[in-house]
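This briefing is for a reader new to the structure. Please look over the sequence and the model before reading the points below.

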Amino acid sequence: QRTQFGGHKGKLKWPVKGKVLRSFGSQKVQNRVKWNGILISANNNRHVHAAHDGAIIFSEFLRGHGQLAIIDHGEGYMTLYANNQQLLKSVGEIIEAGEPIAVPGVSNGFRDPNLYFELRYKGKPQDPIVWLARR
């Protein structure tokens, strides 16, 4: 039984435990591009976990995102998990909140593993921080 996503604002599971390295809306490239999600350090994380129940709708390499997993949570919500070293789930698989979906990797010019995490509602990027549980 899948739970409704919309009622989970401020309660979603963190995909990795780590420090937020880049915030939603902060400048990315020479003040021309803004971050549509957050970048989280993943130094001591063996896995990236699903923030909420859903279905894998994308699971492969995408230029600029590395190994990318996208979960559709229904109601127009989806989460994107990028910069992975390895993907553990395939398109069509049903995922529960907290389930391992990938192994964090290194990218975005950082030396240590990190995860780029994005949350979208009807295709529009939302600030993931307001959706994630307080730590």
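**Backbone, burial and aromatic pairs**

Lys-122 sits in the loop that joins β11 (114-121) to β12 (124-126). The model is predicted.

**Loop residues with positive phi**

- Most residues other than glycine have a negative phi.
- Lys-122, which is not a glycine, has a positive phi near 50°.
- Lys-122 counts as exposed because its relative accessibility is 64%, and the cut-off for exposed is over 50%.
- Glu-75 is likewise not a glycine and has a positive phi of about 60°.
- The loop between β7 (66-74) and β8 (77-87) holds Glu-75.
- With a relative accessibility of 39%, Glu-75 counts as partly exposed.

**A buried strand residue**

- Ser-41 belongs to strand β4, which covers residues 38-41.
- Ser-41 has 13% relative accessibility and therefore counts as buried, the limit being under 20%.
- Apart from neighbours within four places in sequence, Ser-41 is in contact with Val-16, Lys-17, Gly-18, Lys-19, Leu-21, Pro-113 and Asn-114.

**Aromatic rings**

- There are six aromatic pairs in the structure.
- One of the pairs is formed by Tyr-81 and Phe-117; it is tilted, with 5.3 Å centre to centre and 55° between the planes.
- This pair connects distant parts of the chain, as Tyr-81 is in strand β8 and Phe-117 is in strand β11, 36 residues apart.
- Tyr-81 counts as buried at 0% relative accessibility, and Phe-117 counts as buried at 0%.
- Phe-5, Tyr-77, Tyr-121 and Trp-131 make up one aromatic cluster.

Key: Residues are numbered from 1 along each chain as its sequence is written. This is a predicted model: local features need pLDDT of at least 70, side-chain atom pairs count only at pLDDT 80 or more; totals for chains, interfaces and linings use all residues. Side-chain values use heavy atoms; hydrogens and water are left out. Helices (H or I, at least four residues) and strands (E, at least two) are DSSP runs, numbered from the N terminus. Buried means under 20% relative accessible area, exposed over 50%, partly exposed in between (1.4 Å probe, protein chains only). Contact means heavy atoms within 4.5 Å. Rings of Phe, Tyr and Trp (its six-membered ring) pair if their centres lie within 6.5 Å; planes under 30 degrees apart count as stacked, over 60 as edge-to-face and the rest as tilted.
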